[in-house]
Amino acid sequence: MRQSLTELYDSRVTEGSIRPDAAQRAVLPLLEERRAFLEAPVRKSLLGGLFRKPPEGPQGLYLWGGVGRGKSMLMDLFEQATDIPAKRRVHFHAFMQEIHRGMHAARKQGVDDALAPVAAEVAAGVRLLAFDEMQITDITDAMIVGRLFQMLTDAGVLIVTTSNRPPEDLYKNGLNRALFLPFIALLRARMQVVELESETDYRQHRLTGAQVYFHPAGAEARAAIDRLWSELTGGDRGTPLVLQVQGRQVEVPRHHNGVARAGFWDLCGRPLGPADYLALAEKVRLLILEDIPSLSAANYNEAKRFVTLIDALYEAKVRLIASAADAPERLYFEGAGAFEFERTASRLREMQAADWGSAG
Ligand SMILES: Nc1ncnc2c1ncn2[C@@H]1O[C@H](COP(=O)(O)OP(=O)(O)OP(=O)(O)O)[C@@H](O)[C@H]1O
Ligand SMILES: [Mg+2]
């Protein structure tokens, strides 16, 4: 029997997997309306293709609000329950990378307007695009996202997206922002903008009271971290997160919904620097860093990178879950920079506090 989104939501509450939240519940009818539209049988128009008139239907939905309010959870509930094959749920950042790759290939073939064929191809495959975590941080995205959305919605693709900011605050203080403003107008014209006004940061809530620093780093620590990971990601395995930093690609092995997971050597054993760590801290809300070893003068470079990483996470108020060989103060106490490491150790302590990062 087909259940409404509200029924699906309520049964999760009854099961005890989520807590009832009136603000979340209030968004469900908006999603239900879109679901009904998408599931209704479509009459194929003779004038198919990218420039056909959009079928009369609801606008896209732009759901924004503070961290951990349940935006991604609601979007996933909607996307999973919507029973059509032509749907796609993708992290906004990954989607934009795909668009850039497609444009690059089209340009190589001498196409003038490289975005048009790429948008047409996306639109041909889907009627629903669910974008998680829309954020515009670089100019290359800022300059194409407007036309991209226009082409997709013209082609009848329904877009649902989550974001931490209202449209007016996207790409705030970005380079050449004036060129970006038409996109904000387009979003306002084509999407219903809704704030999820929930009081509770459920991600923070889930971690409250949980141990977040484990030592020594062994099988027990790994098992505890596995449990936290599945708690935070709803059991999703995650996918690699690829950051573009100054023309380089920095890969974090696992990522889901703002939660990233990497080993110490993935992040501090390679020649990465402040720009890389800042990019990471900007993209994620929580980092799980496993197997931090005891460091000595022989690992000066790794220790230095670790200090830089923790500084970047600390400044950005990213939550940290870690497993390490020893307590923070004993990770690096001899060798150049041991004095500076005291600050890192103290930050590691502070970041373990239950309410740390909750202000962001
Ligand atoms: N009503 C609820 N009861 C219990 N847990 C919830 C509830 N809503 C969401 N959660 C859980 O809280 C965590 C954060 O939710 P979610 O990832 O959907 O937040 P978000 O608004 O997308 O945050 P962000 O802006 O950081 O992406 C998830 O683990 C989610 O399953
Ligand atoms: Mg989210």
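Author: A backbone N or O atom of Gly 70 lies 2.9 Å from an oxygen atom of ligand 1, a polar contact being a pair of N or O atoms within 3.5 Å. For a backbone N or O atom of Gly 68, the distance to an oxygen atom of ligand 1 is 2.7 Å. The side chain of Lys 71 places an N or O atom 2.7 Å from an oxygen atom of the ligand. The protein covers 94% of the 630 Å² of accessible area that ligand 1 has on its own (Shrake-Rupley method, 1.4 Å probe).

This is a predicted model, in which local features need pLDDT of at least 70, side-chain atom pairs count only at pLDDT 80 or more, and totals for chains, interfaces and linings use all residues. Residues are numbered from 1 along each chain as its sequence is written, chains are lettered from A and ligands numbered from 1 in the order in which they are written, and side-chain values use heavy atoms, with hydrogens and water left out.

Around ligand 1 there are 20 residues, of which Arg 19, Gly 68, Lys 71, Asn 164 and Arg 285 come nearest (a residue is near if one of its heavy atoms lies within 4 Å). Helix H3 (71-81) and helix H8 (202-207) each supply at least two residues of this shell; helices are DSSP runs (H or I) of at least four residues, and strands (E) of at least two, numbered from the N terminus.

Methods
Polar contact = N/O pair within 3.5 Å; in protein donor to acceptor, adjacent residues only side chain to side chain.
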